[in-house]
Amino acid sequence: MNTIKAIKNAIVCLVLLPRFLMAALIFWLLDFLCIRRRVFFRMKQREGDAIDPPLCISDSNRLFSLESLKAVWHGHKLDFLKAAHLGHGAPNTEVVQLEDQRRSRILDYAKEKRPLILNFGSCT
């Protein structure tokens, strides 16, 4: 069982790696452009005709950081492993009735020729 799980995780990593590397490259390029613009802005300030505002506010505000790359990897992994996908059938998840704590499936409430509407609302 652990071997199958390890193989599945390895396959997921291989599938997600190109998407993740593309996002990391884009973050690096955005940081590079930000740094480049800041350097040119400071050069203009020295010459006395600074017109453009700086693109970045602080040196600690970087997209290409370990924390942001971890968040991107986690987001890509969650998106890949989710049960619902656009264009596919809806997952038939388990629900619990409030009255008697009985468990059933969502599609058990569907009736022929009638749409099943789920309302995820708030009762405040």
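This is a predicted model: local features need pLDDT of at least 70, side-chain atom pairs count only at pLDDT 80 or more; totals for chains, interfaces and linings use all residues.

Me: Is Ser68 buried or exposed?

Reply: Ser68 counts as buried, because its relative accessibility is 18% and the cut-off for buried is under 20%.

Me: And which residues does Ser68 touch, not counting residues up to four places away in sequence?

Reply: Leaving out residues up to four places away in sequence, Ser68 touches Phe27 and Leu63.

Me: Where is Leu63 found?

Reply: Leu63 is in the loop between H1 and H2. Leu63 is partly exposed, at 36% relative accessibility.

Me: Let me step back for a second. How many helices and strands are in the chain?

Reply: The chain has 2 helices and 2 strands. Starting at the N terminus, the order of the elements is α-α-β-β.

Me: What share of the residues count as buried?

Reply: Of the chain's 124 residues, 15% count as buried. The accessible surface of the chain is about 10900 Å², and 63% of that belongs to carbon and sulfur atoms.

Me: What about contacts between residues at least 6 apart in sequence: what share join residues at least 24 apart?

Reply: In that set of contacts, 43% join residues at least 24 apart.

Me: OK, salt bridges now. How many does a search of the whole structure find?

Reply: The search finds 4 salt bridges. One of them joins the side chains of Asp79 and Arg19, at 3.5 Å from N to O. That pair links distant parts of the chain, with Asp79 in helix H2 (residues 66-81) and Arg19 in helix H1 (residues 2-47), 60 residues apart.

Me: How accessible are Asp79 and Arg19?

Reply: Asp79 is partly exposed at 34% relative accessibility, and Arg19 is partly exposed as well, with a relative accessible area of 36%.

Me: Which residues are linked with Asp79 in a network of salt bridges?

Reply: The network links Asp79 with Arg19 and Lys82. The side chains of Asp79 and Lys82 meet at 3.0 Å, N to O. Lys82 is partly exposed, with a relative accessible area of 40%.

Me: Which residue does Arg102 meet in a salt bridge?

Reply: Arg102 pairs with Asp100, and their side chains are 4.0 Å apart, N to O. For the salt bridge, the cut-off is within 4 Å. Arg102 is partly exposed at 47% relative accessible area, and Asp100 is partly exposed at 45%.

Me: Back to Asp79 for a moment. What does His85 touch, not counting residues up to four places away in sequence?

Reply: With those sequence neighbours left out, His85 touches Asp79 and Phe80. His85 is in the loop between H2 and strand S1 (94-96), and its relative accessible area of 36% makes it partly exposed.

Me: Changing topic: how many aromatic pairs does a search of the whole structure find?

Reply: The search finds 1 aromatic pair. The rings belong to Phe20 and Trp73, with centres 5.3 Å apart and planes at 90°, so the pair is edge-to-face.

Me: Why does that pair tie together parts that are 53 residues apart in sequence?

Reply: Because Phe20 lies in helix H1 and Trp73 lies in helix H2, the pair ties together parts 53 residues apart in sequence.

Me: Which residues make the nonpolar surface patch?

Reply: The patch, about 900 Å², is made by Met22, Leu25, Ile26, Trp28, Leu29, Leu30, Phe32, Leu33, Leu63 and Phe64.

Me: Last one! Where does UniProt place the feature "transmembrane region"?

Reply: The unreviewed UniProt entry places that feature at residues 6-35. In this model, residues 6-35 are 100% helix and 0% strand, with the end C-alpha atoms 40 Å apart.

Technical notes
Residues are numbered from 1 along each chain as its sequence is written. Side-chain values use heavy atoms; hydrogens and water are left out. Helices (H or I, at least four residues) and strands (E, at least two) are DSSP runs, numbered from the N terminus. Buried means under 20% relative accessible area, exposed over 50%, partly exposed in between (1.4 Å probe, protein chains only). Contact means heavy atoms within 4.5 Å. UniProt positions are given in the numbering used here, feature names are shortened, and annotations may be inferred rather than shown by experiment. Rings of Phe, Tyr and Trp (its six-membered ring) pair if their centres lie within 6.5 Å; planes under 30 degrees apart count as stacked, over 60 as edge-to-face and the rest as tilted. Patches are made of residues with over 30% relative accessible area and no salt bridge: like charges are joined within 9 Å, nonpolar side chains (Val, Leu, Ile, Met, Phe, Trp, Tyr) within 5 Å. Accessible areas come from the Shrake-Rupley method with a 1.4 Å probe; for residues, only the protein chains shown count as cover.
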